[in-house]
Amino acid sequence: MNFKIKLNKLVSHINGGLRKRSLKIKHPYSKNLEKLLKLFTVEGVILGFQVTKCSNFFLVYLKYGNSSKKIAKVSVKSKSSRLNFLTNYELKSKIYKKKTATIFVSSDKGIFTNNPSNFVKLGGGEFLVEVTH
């Protein structure tokens with residue numbers, strides 16, 4: 001299955017869990033999504049995740065409360081049918097315009113967030129996900 005389809009399903013599961021106020025969601029395992037979930041954890045988007053014993057599923061622990069990075073909405077910005085590439089200039093403008101959002105960008109050097117130090121050597125990339133706080 002295509003990474004974009006897996007990403008879209010993960011985001012819909014997270015948004016569904018947020019609407020239901022679930023503490024955790026269960027999602028099928030994917031090595032690529034594991035890298036993204038690690039980044040979500042580092043950036044404070046989710047509390048964490050765990051791979052089940054048989055490695056068929058993730059348990060993703062959602063974040064609520066009084067935190068400054070409380071999730072309002074997670075949205076996929078680049079889909080299989082419509083890729084959304086941004087230049088370095090467009091990425092930098094999104095960093096400074098979207099103070100209340102965390103963006104995730106994929107490039108040939110990996111997946112990065114809107115931390116300004118990440119974009120110093122980055123020439124551009126594909127705008128994957130935006131998390132609104």
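Author: A crossing is right-handed if the near helix is turned clockwise from the far one by less than a right angle. This model is predicted.

Reader: In which hand does H1 pass H2?
Author: Start with the geometry. The axes of H1 and H2 come within 10 Å. They cross at roughly 45°. The crossing of H1 past H2 is right-handed.

Reader: Is H1 parallel, perpendicular or oblique to H2?
Author: Angles under 35 degrees count as roughly parallel, and 65 to 115 as roughly perpendicular. The H1 and H2 axes cross at roughly 45°. That makes H1, relative to H2, oblique.

Reader: How do the residues of the contact of H1 with H2 divide into nonpolar, polar and charged?
Author: H1 contributes Phe 3, Lys 6, Leu 7, Leu 10 and Ile 14. From H2 come Asn 32, Leu 33, Leu 36, Leu 37 and Phe 40. The division is 8 nonpolar, 1 polar and 1 charged.

Reader: Which residues touch the most other members of the largest nonpolar core?
Author: This core has 23 residues. Helices H1 and H2 and strands S3, S4 and S8 each give two or more residues to the core. Touching the most other members are Leu 7, Ile 14, Phe 40, Phe 104 and Val 129.

Reader: How many residues are in the second, separate core?
Author: Its members include Leu 86, Ile 103, Val 105 and Phe 127. The number of residues in this second core is 5.

Reader: With which residues is Val 129 in contact, leaving aside neighbours within four places in sequence?
Author: Val 129 belongs to the largest nonpolar core. Its contacts include Leu 7 and Phe 40, two further members of that core.

Reader: Is Ser 30 buried or exposed?
Author: Ser 30 is in the loop between strand S1 and H2. Beyond residues up to four places away in sequence, Ser 30 touches Lys 6 and Phe 58. Its relative accessibility is 6%, and the cut-off for buried is under 20%. Ser 30 therefore counts as buried.

Reader: How does Ser 12 count at 42% relative accessibility?
Author: Ser 12 is in helix H1. Exposed would need over 50%, and buried under 20%. At 42%, Ser 12 therefore counts as partly exposed.

Reader: How many helices and strands are in the protein?
Author: From the N terminus, the order is α-β-α-β-β-β-β-α-β-β-β. That order holds 3 helices and 8 strands.

Conventions: Residues numbered from 1 in each chain as written. Predicted model: local features only at pLDDT ≥ 70, side-chain atom pairs only at ≥ 80, totals over all residues. Heavy atoms only, no water. Core = buried A, V, L, I, M, F, W, Y, C linked by side-chain atoms within 4.5 Å. Buried < 20%, exposed > 50% of the residue type's maximum accessible area, 1.4 Å probe, protein only. Helix = DSSP H or I, 4+ residues; strand = E, 2+ residues; numbered from the N terminus. Contact = heavy atoms within 4.5 Å. Axes fitted to C-alpha atoms, helices over the stretch in contact; angles between N-to-C directions. Parallel < 35°, antiparallel > 145°, perpendicular 65-115°, else oblique. Nonpolar A, V, L, I, M, F, W, Y, C, P; charged D, E, K, R; others polar.
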